Amino acid sequence: MARLAASLLAADPGRLAEATIAADEFGIPVLHLDAVDGHFARWIAFGPDTVAALRPLFKGFFDVHLMLMQPERHIERYAEAGADGMTVHLDATLHHHRHLGSIRKLGCEAGVAISPGTPIEAALELFQLESVDRLLIMSVNPGFAAAPFLENLLRKVDRARRLRDENGWHFQISVDGGMNIQNVGPVVDAGADVIVSGSGLYSGPSFAESARALMDALEQRFDEDGRRDQAV
């Protein structure tokens with residue numbers, strides 16, 4: 001079954017601890033933390049000190065999305081802060097294979113992210129080298145929280161799933177940006193394994209109600225054995 005990741009960038013910046021605890025208490029398996037430098041994306045958010053402060057409040061997987069130019073300069077500090085996985089953007093650095101290997105050597109899962117204008121094929125060599133634990137497909141442009149979901153990204157998710165299955169690769173497919181109760185079903189049907197939701201969880205009157213609705217929508221796409229339900 002697909003997993004739900006709570007994206008903390010959409011939470012009230014003055015209540016990050018409460019937002020993290022809410023996700024933990026509900027049983028959200030992944031907390032998605034965007035590290036943003038104001039250059040690759042327009043915000044500035046979530047340095048290593050913030051990640052370290054929040055780490056004791058969440059029992060699940062800490063997924064740090066490095067929306068930074070030259071992310072290789074920062075991976076060691078984020079690993080020390082408590083990251084379980086780190087994702088770098090194809091268009092933010094060079095020597096991707098080396099940097100993904102460095103992330104793994106630090107004991108973290110290594111992910112690569114592609115923006116809406118970047119084709120899946122740009123990451124093919126990394127897939128072939130089995131350098132990637134996770135492919136993060138951005139369904140909105142990086143750094144634009146609460147932006148509308150780009151429908152044409154469904155084709156990109158489907159393309160990634162087909163390439164993975166045809167070649168026997170094992171990376172997970174995550175989708176990040178504009179995810180909510182209206183579009184989560186088609187995205188999972190296309191092949192997503194992890195759904196990253198920020199505004200869909202934190203912008204409503206009740207985090208628990210929003211989380212329950214999204215979890216229910218995910219569960220409906222799978223049969224009793226946890227496989228995608230082809231009848232949906």
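1. The second largest pocket is lined by Ala11, Asp12, Arg15, Glu18, Ala19, Ala22, Tyr202 and Phe207, and its volume is about 160 Å³. A pocket here is an open set of points on a 1 Å grid over the protein atoms alone, with protein on both sides within 12 Å along at least five of seven lines, and a lining residue has an atom within 4 Å of a point. Grid points are joined across faces, edges and corners, and a volume is the space filled by probe spheres set on the points. Helix H1 gives the largest share of this lining, three residues.

2. A word on the basis of these remarks: the model is predicted, local features need pLDDT of at least 70, side-chain atom pairs count only at pLDDT 80 or more, and totals for chains, interfaces and linings use all residues. Residues are numbered from 1 along each chain as its sequence is written, and side-chain values use heavy atoms, with hydrogens and water left out.

3. In helix H1 (residues 16-26), the buried residues are Leu16, Ala19, Thr20, Ala23 and Asp24, where buried means under 20% relative accessible area with a 1.4 Å probe, protein chains only. Because they cover an arc of only 135 degrees around the axis, they lie on the same side of H1; the arc is that of the directions from the helix axis to the C-beta atoms. Helices (H or I, at least four residues) and strands (E, at least two) are DSSP runs, numbered from the N terminus. Among the elements covering the buried residues of H1 are strand S1 (3-7), strand S2 (30-37) and helix H8 (199-202). Just after H1, glycine 27 takes a positive phi of about 95 degrees.

4. Leaving aside residues up to four places away in sequence, tyrosine 202 has contacts (heavy atoms within 4.5 Å) with residues including Leu8, Ala19, Ala23, Leu31 and Phe207.

5. Strand S7 runs parallel to strand S6 (residues 109-114), joined by four bridges, and parallel to strand S8 (residues 172-176), joined by five; two strands pair if DSSP finds at least two bridges between them. Arginine 134 stands opposite glycine 111 and also opposite glutamine 172 in S8.

6. Strand S9 (residues 194-197) is likewise covered on both faces, by burial of Val194 and Val196 on one side and of Ile195 and Ser197 on the other. Strand S9 pairs in the parallel sense with S8 over three bridges, aspartate 176 having valine 196 as its bridge partner, and four bridges join S9 to S1, again parallel, with arginine 3 opposite valine 194.

7. One cavity of 30 Å³ or more is found in the whole structure, a cavity being a set of points where a 1.4 Å probe fits but cannot get out. The largest cavity has a volume of about 30 Å³, and its lining consists of Arg3, Val30, Phe61, Asp63, Arg134, Ser174 and Val194.

Note on methods: Buried means under 20% relative accessible area, exposed over 50%, partly exposed in between (1.4 Å probe, protein chains only).
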